[in-house]
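Subject: The structure we talked about

Hi,

Here is the structure I promised to pass on, with some notes to read beside it. Please open it first and keep it in view as you go.

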2 protein chains.
Amino acid sequence: MSRWAIGIDFGGTAIKAGVVSEERGILIERRVLTDTASGTAGIVAQLSGIIADLYRKASKIMEPGDFAGAGVGAPGAVDVDNGSLSYPPNLPGWTVFPLRDELQKCLMQNEALSISVVLDNDANVAAFGEAIYGAGREFSDFLMVTLGTGVGGGIVLNRKLYRGPHGTAGEVGFMIIDFEGTGIHGGIRGTLESFIGKKGIVAHARQMIDGSSTGSSVGKLCDNDYTRLSPRHLEYAAHEGDEVCLAVWDRVGSILGVGLANVTALMDIRKFVIGGGISAAGNLIFVPALDQLRRSTLPTMHEGLELVPALLGNKAGMYGASALCFG
Amino acid sequence: MSRWAIGIDFGGTAIKAGVVSEERGILIERRVLTDTASGTAGIVAQLSGIIADLYRKASKIMEPGDFAGAGVGAPGAVDVDNGSLSYPPNLPGWTVFPLRDELQKCLMQNEALSISVVLDNDANVAAFGEAIYGAGREFSDFLMVTLGTGVGGGIVLNRKLYRGPHGTAGEVGFMIIDFEGTGIHGGIRGTLESFIGKKGIVAHARQMIDGSSTGSSVGKLCDNDYTRLSPRHLEYAAHEGDEVCLAVWDRVGSILGVGLANVTALMDIRKFVIGGGISAAGNLIFVPALDQLRRSTLPTMHEGLELVPALLGNKAGMYGASALCFG
């Protein structure tokens with residue numbers, strides 16, 4: 001028996017979907033742009049179409065009796081028990097919607113398929129993917145941090161997802177590390193994301209470039225149009241040895257370390273899996289982050305502190321969503 | 001059957017010990033000063049003597065067959081599995097010591113008693129006491145915060161203590177809320193305790209009194225010797241309507257709210273039980289704390305946010321330690 005499932009990473013921009021074999025990993029993959037304009041009904045139809053298509057293709061190569069269902073990781077707060085998705089930040093107009101049940105209904109009505117769907121938050125699903133197939137395999141307890149446009153998190157305790165009493169746990173980007181800070185994110189002052197989300201990094205870099213007496217080589221990478229400055233430019237210039245950009249990443253890593261220290265103090269979690277597009281900066285972030293994490297925690301908590309890069313890249317969601325079906 | 005146990009709150013200053021009936025609560029109580037000068041062996045002998053004495057007294061009124069053991073809450077990091085206590089902050093020279101086993105051995109050798117001992121961290125034990133007998137009874141998930149000389153915490157998830165992978169969870173006082181702040185505590189900059197531990201509160205109050213153009217009435221409470229200023233003075237003056245002291249407590253509550261917001265963001269915990277000597281300031285702290293907690297969390301997390309005062313006062317440790325024995 002080789003169980004298989006459909007894993008879906010449903011984002012505000014794109015839907016990434018895959019047929020995943022429990023033994024052999026991803027067998028078939030799809031990526032389509034999210035039809036955000038068509039509202040909840042349109043998105044349900046779109047997801048249902050993708051699932052049905054993948055199911056039919058996979059049924060030719062896999063045993064239908066070994067099919068374990070479809071898992072969906074979605075942006076926003078998910079009530080895992082009742083299968084609803086609330087206020088996904090990048091899907092305007094969406095409030096609280098019973099996505100799981102509507103998706104099952106649509107699969108039945110439009111596609112005549114009886115497929116069991118499980119729904120969870122995207123950050124949780126990515127963490128679970130890393131836990132089962134990726135960098136978290138060796139850790140029974142860890143926090144996965146996703147550094148991208150936002151700063152997200154998913155918590156794994158004792159090899160299971162920790163969702164919290166209301167399913168909203170892991171919002172590490174909303175932890176406050178400077179309550180009198182100037183940056184505001186989601187209406188909250190001084191959050192981790194206000195400092196090291198994409199916007200915060202770029203804004204700080206521009207300040208440092210403006211304030212630098214020696215100047216930075218990063219300007220030529222964005223044609224001296226600093227409105228186009230991106231983390232990728234900062235990463236490239238730092239690897240080229242640009243002092244200002246090196247200092248920017250040093251600060252990003254250090255501030256990440258402060259955030260992680262709070263997780264260690266509160267939850268006694270000492271293993272961190274770092275993913276997301278910004279984490280491509282690698283040791284530019286990892287080295288100062290681990291250093292700051294150690295300086296910001298009690299010596300009695302230093303044993304076992306570890307930061308590792310995520311291994312599954314943008315496939316963590318597909319893997320994790322399918323793994324939800326394998327239970 | 002009415003089970004009973006001995007519950008001990010072992011602190012750096014005093015040992016509070018009680019005979020606790022599962023049904024009827026505390027039956028006998030003791031409080032003695034901790035013999036800190038005599039080292040680990042002396043303390044083991046002291047604890048053993050107290051347990052033996054209470055056991056013998058209680059055996060006359062309770063059924064020895066219903067005795068469930070002795071529970072000890074201790075300051076410092078406790079490894080619950082191997083029963084060791086590490087680096088208790090107020091017991092100089094104490095490193096890592098197998099307190100549980102040594103205590104059982106001493107009870108056998110000195111007192112000829114075979115008593116099963118369980119050991120846990122004092123903040124955890126107090127939280128568990130509130131969970132079983134106090135303000136946490138109605139909550140399945142909550143954080144207990146102890147506001148005193150230090151700021152401690154104990155986490156209850158699903159009605160059980162959450163100790164974390166290494167037993168050091170709940171160190172809410174070491175969460176960093178102002179990473180560029182000036183206050184340092186345990187070598188770490190900008191922790192919650194650096195702001196609202198006893199020292200931080202008094203230091204800030206003195207700054208505010210010095211900087212006040214109208215002055216404060218609190219001076220007369222400490223004979224204008226501000227080195228003697230205590231939270232109790234600040235509380236009294238605030239209740240009398242002193243503006244400066246009211247502002248001090250407003251800030252203490254607000255900063256507590258920031259710390260709690262981090263707990264909500266990360267763990268999705270929305271219930272907080274607040275105890276410890278400083279919490280006697282009551283609504284001077286609670287009102288601004290809840291207000292700030294709401295302003296510092298996402299609207300999707302506001303449902304169910306609640307702060308309540310601890311109910312067991314300085315008996316939470318005795319209750320919780322005995323409750324560990326009832327399992």
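Two strands count as paired if DSSP finds at least two bridges between them. Strands (E, at least two residues) and helices (H or I, at least four residues) are themselves DSSP runs, numbered from the N terminus.

A word on conventions: this is a predicted model, in which local features need pLDDT of at least 70 and side-chain atom pairs count only at pLDDT 80 or more, while totals for chains, interfaces and linings use all residues. Residues are numbered from 1 along each chain as its sequence is written, and chains are lettered from A and ligands numbered from 1 in the order in which they are written.

S5(A) and S6(A) (residues 84-86) run antiparallel and are joined by three bridges; A:Val78 has A:Leu85 in S6(A) as its bridge partner.

Next, helix H1 (residues 39-59) of chain A. (The expected span is 1.5 Å times one less than the number of residues.) Which residues of H1(A) are buried? They are A:Ile43, A:Val44, A:Leu47, A:Ser48, A:Ile51, A:Leu54, A:Tyr55 and A:Ala58. Here buried means that 20 or more other C-beta atoms lie within 10 Å of the residue's own, exposed means 12 or fewer, and partly exposed is in between, with C-beta atoms placed from the backbone. Seen down the axis of H1(A), the buried residues fall within an arc of 135° (taken from the directions from the helix axis to the C-beta atoms), so they line one face of the helix. The face turned away from that buried side carries the exposed residues A:Ala41 and A:Arg56.

Helix H2 (99-111) of chain A is among the elements that cover the buried residues of H1(A). H2(A) has 13 residues and reaches 17 Å from first C-alpha to last, close to the 18 Å expected. Its own buried residues include A:Arg100, A:Glu102 and A:Leu103. Just after H2(A), A:Ala112 takes a positive phi of about 55°.

Now zoom out. The domain assignment, which is automatic or from a database, gives chain A domain 1 (4-128 + 315-326) and domain 2 (137-310). Ten residues of domain 1 of chain A are in contact (C-beta atoms, placed from the backbone, within 7 Å) with 14 residues of domain 2 of chain A. Helix H3 (122-133) of chain A gives the largest share of the domain 1 side, five residues.

How many residues does each chain bring to the contact between chains A and B? Chain B gives 33 residues and chain A gives 33 residues. On the side of chain B, helix H7 (residues 243-267) gives the most, with seven residues. By class, that side has 19 nonpolar, nine polar and five charged residues. (Ala, Val, Leu, Ile, Met, Phe, Trp, Tyr, Cys and Pro count as nonpolar, Asp, Glu, Lys and Arg as charged, and the others, Gly among them, as polar.)

Finally, find B:Gly12 in the loop between strands S1 (4-10) and S2 (14-21) of chain B. B:Gly12 is partly exposed, with 18 other C-beta atoms within 10 Å.

Enjoy exploring!

Methods: Two residues are in contact if their C-beta atoms, placed from the backbone, lie within 7 Å. The expected span of a helix is 1.5 Å times one less than its number of residues.
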